[in-house]
Amino acid sequence: MSLKGIDQILKKFEYRESAIIAILQEVQEKQNYLPEKDLEYISEKLPIPLTRIYRIASFYNAFSLKPRGKHIISVCLGTACHVRGAPMVLDRLKLELGIDIGEMTEDGLFSLETVNCLGACAMGPIVVFGKEYHGQMTPARVESAIKKYKKTSKE
Amino acid sequence: MIKFTIDGIEVEAEEGQNVLQVALDNGFDIPHLCYHEALEPYGACRLCQVEITRGNRTRLTTSCNYPVQEGIKVQTKTEKVIRARKLVIELLLARSPNVPVIKELAEEYSVGTPRFSLDNDDCILCGLCERVCREVVGVEAISFLGRGSSRKVGPPLEINPQTCIACGACAYVCPTNCIKVEENENERTIVRWGRTLPMKKCKVCGRSFAPWFQLDYFGKITEGIPKDFWDKCPDCR
Ligand code: SF4
Ligand code: SF4
Ligand code: FES
Ligand code: FES
């Protein structure tokens with residue numbers, strides 16, 4: 001992210017250390033992950049030790065320190081989704097994308113993640129593409145969903 | 001003065017002290033791995049558990065972070081306490097079966113092979129290194145990272161913490177001795193954190209005695225000490 005962009009976010013939160021989570025969220029929002037140099041810059045500007053930022057950034061699942069794809073695919077592996085066949089859906093996604101959990105496709109389009117219960121168990125198994133929730137997923141429906149996202153990103 | 005009893009014996013303490021410290025000062029033996037008197041208690045290892053009775057309520061609790069109170073009854077050796085301690089030792093042993101202090105504790109409390117799957121970690125996540133670096137050294141070079149089963153202690157990016165002065169305080173407090181410090185003529189390395197710093201030679205005797213960066217830092221945080229104080233080793237000062 002541009003240093004100017006980070007400055008704006010920091011300003012918005014009045015350089016408050018207590019707003020660090022909100023700051024990290026906004027910085028991540030733009031690029032789907034938290035690059036090292038951005039964290040260093042935030043640490044310098046607030047100023048708070050870099051360790052404190054890493055402690056927080058590595059604690060919450062919502063933050064990623066590794067680059068993530070344009071579309072983050074999260075497969076729910078909560079109990080309900082699990083018994084409804086989420087592991088099969090996940091296997092199919094791995095196969096289609098050629099990546100494992102926590103990895104990103106070479107073209108930078110997709111990342112694969114898992115979550116534990118999204119609170120919509122009745123619709124399971126659930127797969128979230130970016131911000132869209134897809135219920136009652138089956139291995140067969142995985143392929144068409146990926147195709148759709150590939151197409152929309154090209155446009 | 002606050003008066004209370006430990007195993008039936010009356011002891012005295014100052015307001016603000018914790019039960020563990022008072023017990024240790026009075027010669028009671030309570031095992032503890034994550035406590036150091038110079039640091040804030042953290043209550044991580046759960047080894048220092050005792051039974052404390054206050055009013056008509058008795059409960060099992062960690063003594064390192066329990067503030068002393070008038071009239072409480074502390075018991076360090078009840079059946080319940082021993083059972084809790086044994087379970088903690090069993091868990092620690094499952095995590096770190098090759099760490100001498102843990103093996104000794106297991107022997108002392110007759111804890112055999114744990115029922116849990118064995119790991120081989122030399123760090124028990126006591127957090128002493130992280131606290132000494134933050135609270136005493138004041139540079140916050142390392143911290144806890146991640147959470148749950150992947151929680152660990154380390155520098156940001158997991159290597160070569162830029163603010164680490166290679167003072168070795170973390171290695172000194174580590175109960176499992178898993179932070180190694182290597183030193184030669186020219187450099188000191190804190191192996192676990194991947195931090196190597198050049199050493200400064202004493203202006204008088206020529207012996208390498210501390211990392212440059214550390215002395216610079218001391219020079220900055222101390223007042224009223226002549227600058228050349230940090231050019232000489234402790235023996236020549
Ligand atoms: S050696 Fe480095 S990490 Fe350890 S206490 Fe000193 S400054 Fe902190
Ligand atoms: S490295 Fe040592 S001092 Fe630090 S948390 Fe692990 S066991 Fe404790
Ligand atoms: S288990 Fe998947 S939404 Fe609850
Ligand atoms: S010494 Fe009290 S919990 Fe570790």
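Over all chains, the count comes to 23 salt bridges, a salt bridge being a side-chain nitrogen of Lys or Arg within 4 Å of a carboxyl oxygen of Asp or Glu. This is a predicted model: local features need pLDDT of at least 70, side-chain atom pairs count only at pLDDT 80 or more, and totals for chains, interfaces and linings use all residues. Residues are numbered from 1 along each chain as its sequence is written, chains are lettered from A and ligands numbered from 1 in the order in which they are written, and side-chain values use heavy atoms, without hydrogens and water.

**Exercise 1.** Explain what the salt bridge of Arg52(A) and Glu17(A) ties together.

*Solution.* Start with the pair. The side chains of Arg52(A) and Glu17(A) meet at 2.8 Å, N to O. Now place each residue. Arg52(A) lies in helix H4 (residues 50-59) of chain A, and Glu17(A) lies in the loop between helix H1 (3-12) and helix H2 (20-31) of chain A, so the pair ties together parts 35 residues apart in sequence. Helices here are DSSP runs (H or I, at least four residues), numbered from the N terminus.

**Exercise 2.** Describe the interface of chain A and chain B.

*Solution.* Take the area first. About 1,100 Å² is buried, with 52% from carbon and sulfur atoms. Buried area is the accessible area (1.4 Å probe) that two parts lose on being put together, summed over both. Thr51(A), Arg55(A) and Phe59(A) supply 55% of the area that chain A buries against chain B, more than any other three residues. Then count contacts (heavy atoms within 4.5 Å). Chain A gives twelve residues and chain B gives 13. Finally, look for charge pairs. Two salt bridges cross the interface. Arg55(A) also meets Glu130(B) in a salt bridge, 2.6 Å from N to O.

**Exercise 3.** Characterise the shell around ligand 1.

*Solution.* Residues count if a heavy atom lies within 4 Å. Of the 13 residues, Cys133(B), Cys164(B), Cys167(B), Gly168(B) and Cys170(B) come nearest. Helix H4 (128-137) and helix H5 (169-173) of chain B each supply at least two residues. By class, twelve are nonpolar, one is polar and none is charged. Ala, Val, Leu, Ile, Met, Phe, Trp, Tyr, Cys and Pro count as nonpolar, Asp, Glu, Lys and Arg as charged, and the others, Gly among them, as polar.

**Exercise 4.** List residues of H2(B) and H3(B) that meet, and class them.

*Solution.* From H2(B) come Ile89(B), Leu92(B) and Leu93(B); from H3(B) come Ile102(B), Lys103(B), Leu105(B) and Ala106(B). Six are nonpolar, none is polar and one is charged.
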